[in-house]
Amino acid sequence: MQTIDLRGRTLSGAELRAALPRPELDVTAAVAGASALIDEVRAHGEQALIDQATRFDGVTPEYVRATEAEIADAVAGLDPMVRAALEEMITRVRKASAAQVPPPATTQVAPGAVIEQRWQPVDRVGLYVPGGKAVYPSSVVMNVVPAQVAGVASIAIASPPQADHGGRIHPTILAAAGLLGVSEVYAMGGAGAIGALAYGVPGIGLESVDVITGPGNVWVAAAKRAVQSVVGIDAEAGPTEILIIADGTADVEYVAADLLGQAEHDELAGSVLVTTDADFAERVLVAVERRTNATKHRERAATALRGEQSAIVLVDDLATACRVSNAYGPEHLEIQTADDEATLAGITNAGAIFVGPYAPVPLGDYVAGSNHVLPTGGSSAHASGLGAYTFLRAQQLIRYDREALAEVRDRIRAIAVDEDLPAHGESVDARFDGTAREESAN
Ligand SMILES: NC(=O)c1ccc[n+]([C@@H]2O[C@H](COP(=O)([O-])OP(=O)(O)OC[C@H]3O[C@@H](n4cnc5c(N)ncnc54)[C@H](O)[C@@H]3O)[C@@H](O)[C@H]2O)c1
Ligand SMILES: N[C@H](CO)Cc1c[nH]c[nH+]1
Ligand SMILES: [Zn+2]
């Protein structure tokens with residue numbers, strides 16, 4: 001891992017952002033390629049999805065939509081321990097997601113004048129479940145449960161076909177869908193899948209959706225950006241990132257294990273340690289190297305850790321560590337310091353924050369109850385992680401009685417005339433017997 005030494009320097013926000021690690025291949029660079037793949041699907045439907053699977057997934061699926069029998073067989077064949085873990089995850093995420101549905105609100109702004117705010121689910125959603133370098137049954141739960149809690153009526157899932165499973169979707173992904181009662185599942189991956197959800201594929205009965213959510217690699221994130229003019233998306237939940245703020249009191253092995261844990265997702269994953277203690281940083285480096293050499297996905301993880309996007313950042317104090325973290329805006333932030341709450345007080349930007357030594361990111365990846373679909377690439381500065389609110393729209397209901405409308409009639413007319421839109425005022429006047437006719441006669 002590279003070391004970025006910011007000690008003894010006072011940098012502005014912009015200088016800080018420029019100094020921080022980011023991947024060479026970012027979402028912006030991938031948008032053109034993703035758009036071309038979406039266009040192929042719009043032009044050639046299922047055949048384009050099958051051709052793209054041949055190119056990128058190393059397998060040619062016979063057909064794209066999973067059958068009900070495939071899903072039922074997958075549920076029946078589920079390992080009992082994995083089933084128990086998925087059920088625990090579903091229970092906890094469902095509980096935490098329920099708190100994300102705001103109650104309706106009614107406000108009386110004057111006698112007889114009421115504004116209501118209600119939260120309405122979108123009608124139909126498309127949920128992406130990654131399946132390239134690893135498979136993500138946990139992402140089925142993280143997508144589906146908040147959509148169900150929000151009250152979404154129609155749910156479609158897309159996940160890449162698997163070469164190891166004859167071009168079908170991974171059975172644990174199908175089983176997770178089955179456990180959650182979702183029967184519309186498509187074996188399609190990457191940008192093409194996002195295009196199929198956004199525009200529909202009539203030949204296979206896939207209707208376009210209103211909102212697309214879910215994590216994925218840089219191509220998936222770029223495709224979500226490309227279809228934003230026709231559907232809503234959650235956030236750009238691209239290649240995983242972890243940033244750890246630690247001082248010399250943190251446990252070297254915990255920090256090293258957590259940096260490596262997210263690096264195994266993708267060569268483009270980012271692992272960043274921000275620390276006030278250079279000696280601690282040295283010891284973490286040694287532990288990361290030892291752990292990387294011993295882990296199953298060592299090549300992928302080593303590429304991620306050596307990449308432009310990963311670093312150890314040395315700072316003078318924890319206040320600066322917080323400024324660095326806010327400028328980076330990590331998907332996952334871990335805080336392991338002598339006074340975690342004091343450090344937390346300096347944090348503004350992060351997708352999810354893991355406080356203290358017993359809240360490692362994989363807890364949130366699986367069974368904490370929080371959602372693991374989180375904003376990456378600095379987008380936590382303006383975006384939230386996936387939640388029930390992602391599938392809800394705020395709608396205002398306006399209820400005025402005759403007297404309440406009469407009360408503001410002059411105000412409306414004054415503004416309407418000022419905006420040179422007199423018919424707006426006439427729409428109010430028309431509701432008061434004879435008045436409109438009298439005035440137009442004058
Ligand atoms: N931010 C989050 O919330 C979050 C959560 C979970 C996972 N992730 C990330 O999701 C990603 C999963 O990636 P993955 O690759 O395992 O699965 P994936 O399903 O996201 O991507 C696989 C698909 O990418 C497409 N693809 C592969 N190579 C391509 C190329 N050269 N050009 C165009 N398209 C190509 C193919 O269509 C393939 O089916 C990882 O980066 C992981 O870190 C992020
Ligand atoms: N860390 C990933 C991004 O939040 C989520 C995940 C799923 N499975 C394992 N990890
Ligand atoms: Zn993970």
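**Entry 1: ligand 1**

I started with the shell around ligand 1 and looked for its main helix: H2 gives the most, with three residues. This is a predicted model, so I keep in mind that I am reading a prediction. H2 spans 27-56, and I noted that helix H7 (190-199) and helix H8 (218-226) also supply at least two residues each. In total I find 32 residues surrounding ligand 1. Gly132, Gly189, Gly190, Pro215 and Gly216 are the closest of them. I sorted the shell by class and got 14 nonpolar, 14 polar and four charged residues. Domain 1 and domain 2 each put at least three residues into this shell.

**Entry 2: domains**

Next I looked up how the chain is divided. I have domain 1 as 2-23 + 239-369, domain 2 as 27-237 and domain 3 as 401-441. Between the C-alpha centres of domain 1 and domain 2 I read 29 Å. Their contact takes 10 residues from domain 1 and 11 residues from domain 2. On the domain 1 side of that contact I list five nonpolar, two polar and three charged residues.

**Entry 3: ligand 2**

I wrote down the residues around ligand 2: Tyr136, Ser138, Ser139, Thr240, Gln262, Asp365, His372 and Leu374. By class I make that two nonpolar, five polar and one charged.

**Entry 4: the annotated active site**

I checked the UniProt record, an unreviewed entry, and it places the feature "active site" at Glu331 and His332. I took the two residues in turn.

Glu331 is in the loop between helix H12 (318-328) and strand S12 (332-336). Is Glu331 buried or exposed? I count it as buried, because 32 C-beta neighbours fall inside 10 Å and 20 or more is the cut-off for that label. Ignoring neighbours within four places in sequence, I find Glu331 in contact with Thr240, Glu241, Gly351, Leu374, Pro375, Thr376 and Ser380.

His332 is in strand S12. With 27 C-beta neighbours inside 10 Å, His332 is buried as well. Once residues up to four places away in sequence are left out, His332 touches Glu241, Ile242, Gln262, Gly351, Ala352, Phe354, Val361 and Leu374.

I then compared these lists with the ligand 2 entry. Thr240 and Leu374, which Glu331 contacts, are also in the shell around ligand 2. Gln262 and Leu374, which His332 touches, are in that shell too.

**Entry 5: helix H6**

I moved on to helix H6, residues 171-179, and asked how many of its residues are buried. I get nine of nine, so I have the helix down as mostly covered. For the record, they are Pro171, Thr172, Ile173, Leu174, Ala175, Ala176, Ala177, Gly178 and Leu179. What covers the buried residues of H6? The cover includes helix H3 (68-76), helix H4 (80-98) and helix H5 (137-150), along with strand S5 (154-159) and strand S6 (185-187). Just after H6, I noticed that Gly181 takes a positive phi of about 75°.

**Entry 6: confidence**

The chain averages a pLDDT of 96, and 98% of the residues score at least 70. For the complex I read an ipTM of 0.99 and a pTM of 0.95.

Technical notes:
Residues numbered from 1 in each chain as written. Chains lettered and ligands numbered in written order. Predicted model: local features only at pLDDT ≥ 70, side-chain atom pairs only at ≥ 80, totals over all residues. UniProt positions renumbered as here; feature names shortened; annotations may be inferred. Helix = DSSP H or I, 4+ residues; strand = E, 2+ residues; numbered from the N terminus. Buried ≥ 20, exposed ≤ 12 C-beta atoms within 10 Å, placed from the backbone. Contact = placed C-beta atoms within 7 Å. Domains from an automatic or database assignment. Nonpolar A, V, L, I, M, F, W, Y, C, P; charged D, E, K, R; others polar. Near = placed C-beta within 6 Å. pLDDT = per-residue confidence, 0-100.
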